[in-house]
Amino acid sequence: MSREVILCESAGFCFGANRGYNAVEDAIKENIPIYTFGPILNNSKIVENFERQGVKVIEDVNEFKNLLKGKIIIRSHGVPKETYETLLETGFDIFDATCPFVKRIHRIVEKESKEGSDIIVIGNPEHPEVKGIVGWSVKGATVIENDEDIAKYVPEGDAKICIVSQTTFNRNKFQELVEKFSKNSYNICVMNTICDATCERQAEATEVSKKVDLMLVIGDKQSSNSKKLFEICKANCDQTYFIQELSDIVGRLPRVSGLVGITAGASTPKYIIEEVQNYVRNDF
Ligand code: F3S
């Protein structure tokens, strides 16, 4: 008899990650040199797998000068405008896999900054998506991640302030920061650019982890959205394990008699989720 498993429907690739992954898979079939600008996803297993198939990860636009002409795939996080234009000038074939939800933020930031607004991006200043967003403002932007950043902020004259968010930022924290910011009675325009995929995945993980006896979160150790899922599940289910692939659990999980729940971060491919699910259903 197989074990009962609850697999979260939202587990695994989001729309943007899927688009980037498929772009690389399709490009490999073309038999031309393939480059991704930065790792295509926050998942070292996927990146290594593509590297074995000849895909090269390039971090610096200047490197293309010395490389064989081929296709460059821009990952879903997007890039600053200057980088984008330099990539176009390389003469390589460009596939822009920037997620359309991120592209929308680029367009807002570019337009609002051209019209004179100060731009504020709520997010992690080190995240490539945030660096990309900042790079679409014609006059730079301020990144705000916490209360201290708000305290340090000095507006430029009385220009309108346009606030956008990193797509994966926590919705409650975003609201909190915007409310604190609003108290300073600036002339602000708030664009909530948080992507629903993250919220839905977290909400479902919360619900499932409350019902099960053991919970598995599949994702890369470097992936912030996977780490967040782990924290959420661990708070509800003590027996929660953060794994990268099937080999992390074979013969290692404690025996439980009841239900097992599975969720996965936005950069976890379907085949890994299926392998884990099949193992837990039939062999665990
Ligand atoms: Fe795009 Fe949302 Fe994923 S912004 S990359 S679909 S988390």
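How many bridges join strand β6 to strand β8, and which way do the two strands run? Strands β6 (residues 118-122) and β8 (residues 161-165) run parallel, joined by 5 bridges.

## Basis of the model

This is a predicted model, in which local features need pLDDT of at least 70 and side-chain atom pairs count only at pLDDT 80 or more, while totals for chains, interfaces and linings use all residues. Residues are numbered from 1 along each chain as its sequence is written, and side-chain values use heavy atoms, with hydrogens and water left out.

## The sheet around β6 and β8

Strands β7, β6, β8 and β9 form an open sheet in that order, with parallel pairing. Here, two strands pair if DSSP finds at least two bridges between them. Helices (H or I, at least four residues) and strands (E, at least two) are DSSP runs, numbered from the N terminus. The edge strands are β7 (142-144) and β9 (188-190), and each pairs on one side only. From one strand to the next, the twist averages 25°.

Contact means heavy atoms within 4.5 Å. Axes are lines fitted to C-alpha atoms, for helices over the stretch in contact, and angles run from 0 to 180 degrees between N-to-C directions. Helix α7 (residues 171-182) lies across β6, β7, β8 and β9, at about 165° to β8.

## His106 in helix α4

His106 lies in helix α4. Its relative accessible area is 2%, so His106 is buried. The classes are buried (under 20% relative accessible area), exposed (over 50%) and partly exposed (in between), with a 1.4 Å probe and protein chains only. Leaving out residues up to four places away in sequence, His106 touches Gly78, Val79, Thr98, Gly132, Ile133 and Trp136.

## The sheet of β1, β12, β10 and β11

A further open sheet has 4 strands in the order β1-β12-β10-β11, and the pairing is parallel. Its edge strands, β1 (5-7) and β11 (240-243), each pair on one side only. Neighbouring strands are turned by 20° against each other on average, direction ignored.

Strand β1 pairs with β12 (residues 260-264) over 3 bridges. Ile6 has Gly261 in β12 as its bridge partner. Helix α9 (residues 224-236) packs on the sheet and touches β10 (214-218), β11 and β12. The direction of α9 makes about 170° with that of β11.

## Helix α1 and its buried side

In α1 (residues 15-29), the buried residues are Gly16, Ala17, Gly20, Tyr21, Ala23, Val24 and Ala27. They cover an arc of only 150° around the axis, which puts them on the same side of α1. The arc is that of the directions from the helix axis to the C-beta atoms.

The buried residues of α1 pack against β2 (34-37), α2 (44-52), β4 (71-74), β5 (93-96) and α10 (270-282). Just after α1, Asn31 takes a positive phi of about 60°.

## Aromatic pairs

The structure holds 12 aromatic pairs. Rings of Phe, Tyr and Trp (its six-membered ring) pair if their centres lie within 6.5 Å; planes under 30 degrees apart count as stacked, over 60 as edge-to-face and the rest as tilted. Phe181 and Tyr186 have ring centres 5.2 Å apart and planes at 55°, so this pair is tilted. Phe181 is buried at 3% relative accessibility, whereas Tyr186 is partly exposed at 24%. Tyr35, Phe37, Phe64 and Phe92 form one aromatic cluster.

Key:
The expected span of a helix is 1.5 Å times one less than its number of residues.
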